[in-house]
Structure formats: C-alpha cells, structure tokens
Amino acid sequence: MSTKTNEHFSEDTIWYDYDSSGSITEKKIPWVLQNIPEDTSSILDIGCGNGIITNELSKSFKTTGADMSDAALKQVNCPTINCSSESIPVESESFDMVFSSQLLEHLNNEQLEASVKEFKRIASRYILITVPHKEFLKFCETKCPKCNAVFNTNGHYQSFDLLRIKELFSDDFELIKHSLGGSLHQQYNPFLMDIRQNLGNRYYNPVKYTMCPNCKNDDFPLVKGNLISKICNGLNRIVSPRANYWILTLFERRNHDNT
Ligand SMILES: [Zn+2]
C-alpha cells in the first residue's frame, strides 16, 4: 500500500488542536511517566509530533524529540532532530530509552521494519512504546468521492496486540511491563462492518485533515447514516465488547551490564 505524505502534517495549524479531546494530557502523559524506570536519564522521543508528551518528559529527563514535520517540531521545547524514523542520525546506544507514542501504526511494513531496527540500535537499555490496541483498521475507513479509494482516515496501516509488539522487539529486548489504557471504546464486528460498508455504503466520516493517499483529494462530504448502517450499529452494540484504546509496552535490552 502506498503511504504518500499527508501534506497537511506540514501545516502549523494541524498541530494546535492535536489533543482536542484532552485524552493525551489527562490520561496518556501520567501513564507514560509512571512507566519510565527510575534509572532512566536520557530519552529519544521518536515521532514526537508537536511535543505534547516530549515537553513533559523534558521536565524530568534529558530529552530529544525526533519528527519529520518542521511545523510540529517548532512547538517542541527541547533539542530536536528532523528525520524519518527509518534513519535517525544518532549513535548506537546513545539514549537510555527510546520512547514512541502513536507512531508505529502509521508505518507501512517496510517502514515499520526499518524503524524497529533503529529503535533497537539507539536504545542502550529501554524501549517504551504506546500504540492503539487491537485497532480494527476498517472502522475508520473512508471512501474518496473522487477516485473511490478506500483508506484509513487516520493514516493507520498497522494494528497491534501484545504478541505482535513482542515479536517485533524480543530478539534483543525483553518485555518487562505492559498495560492497557485510554478510554474504553466499542469494538466493531468485522461481519457487520462488511455489511455496513458494502450494502449500506456507509464509511467513516472524514476528520478535519483527511487527505486521500491515492489522489490527494481533501474535499470530503459528510457521510450520513442510513437504515442498513443503523441496523448494523444497533446489532454491533449488542454483540461487540468495549475495550481500552491503547497498549503500552516496556522492553529492556537483554544481558544488560549493570556495572
Ligand atoms: Zn482519491
């Protein structure tokens, strides 16, 4: 699948209302802070965005933020590097911890593999990752009215559970902590989603900065519900459980020499 850059990420304004729900400030930041081991002093925050978490980390740790958006990095209060997560210009094992929040789900398979390799190369001791938990990628699929491409509105290409994250890192690192957090949200039954999309032609409503990765159209009319989609949603509320939206995992480098 292609992952053309969403050019809206280079605009200043997209980063101003980044945490409009307040869930990052109220839930994510305290959760991340309480999972950072005491012997951590330096942190590289990869995919730091506008520094909403980075700036908090920098109050207690020697923190550097890395991201591909200059517009986002302008709001980060600590040293920054403009780079892709696939190739980060810092020395091996040069930070106690590599931290990354809500980045890996945006990468295609190749980008994911290269980025994970960089995380392992750079972290001298810990890797702390948060990503959406068991995200059903079809839920946020929108259909482009211009080219009919169907794509995830949030630009998410990967879905993770504990096993999958563990597999990515556990050759060199050992999982030492994990937890679920964030708001509870209703999951969606895949069978009902197929009916909703294919028979009901009901896709997810675009968000403010949605851009079609195929034709770059960013003009999306609001999609309204219909009888089929309402029936699917009603049945789904009965059959699907609610689940926490985020998973956090903490890894430690194997055979770390404590001396
Ligand atoms: Zn399109």
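**Exercise 1.** Determine whether Asp218 in this predicted model is buried, partly exposed or exposed.

*Solution.* Begin with the count: 16 other C-beta atoms lie within 10 Å of Asp218. Next, recall the limits: a buried residue has 20 or more such atoms, and an exposed residue has 12 or fewer. Asp218 is therefore partly exposed.

**Exercise 2.** Locate Asp218 in the chain and identify its contacts beyond four places in sequence.

*Solution.* Asp218 belongs to the loop between helix H6 (190–198) and helix H7 (227–239). Once neighbours within four places in sequence are set aside, Asp218 is in contact with Thr210 and Met211. Lys208 is 10 residues from Asp218 along the chain, and 9.1 Å separates their C-alpha atoms.

**Exercise 3.** Describe the largest nonpolar core and the contacts of Met97.

*Solution.* This core holds 39 residues, of which Met97, Val98, Ala123 and Ile127 touch the most other members. Elements giving two or more residues to the core include helix H1 (23–33), strand S4 (95–101) and strand S5 (123–132). The most comes from S5, with six residues. Beyond four places in sequence, the contacts of Met97 include Ile36, Ile43, Ala123 and Leu128.

Technical notes: Residues numbered from 1 in each chain as written. Predicted model: local features only at pLDDT ≥ 70, side-chain atom pairs only at ≥ 80, totals over all residues. Contact = placed C-beta atoms within 7 Å. Core = buried A, V, L, I, M, F, W, Y, C linked by C-beta atoms within 7 Å.
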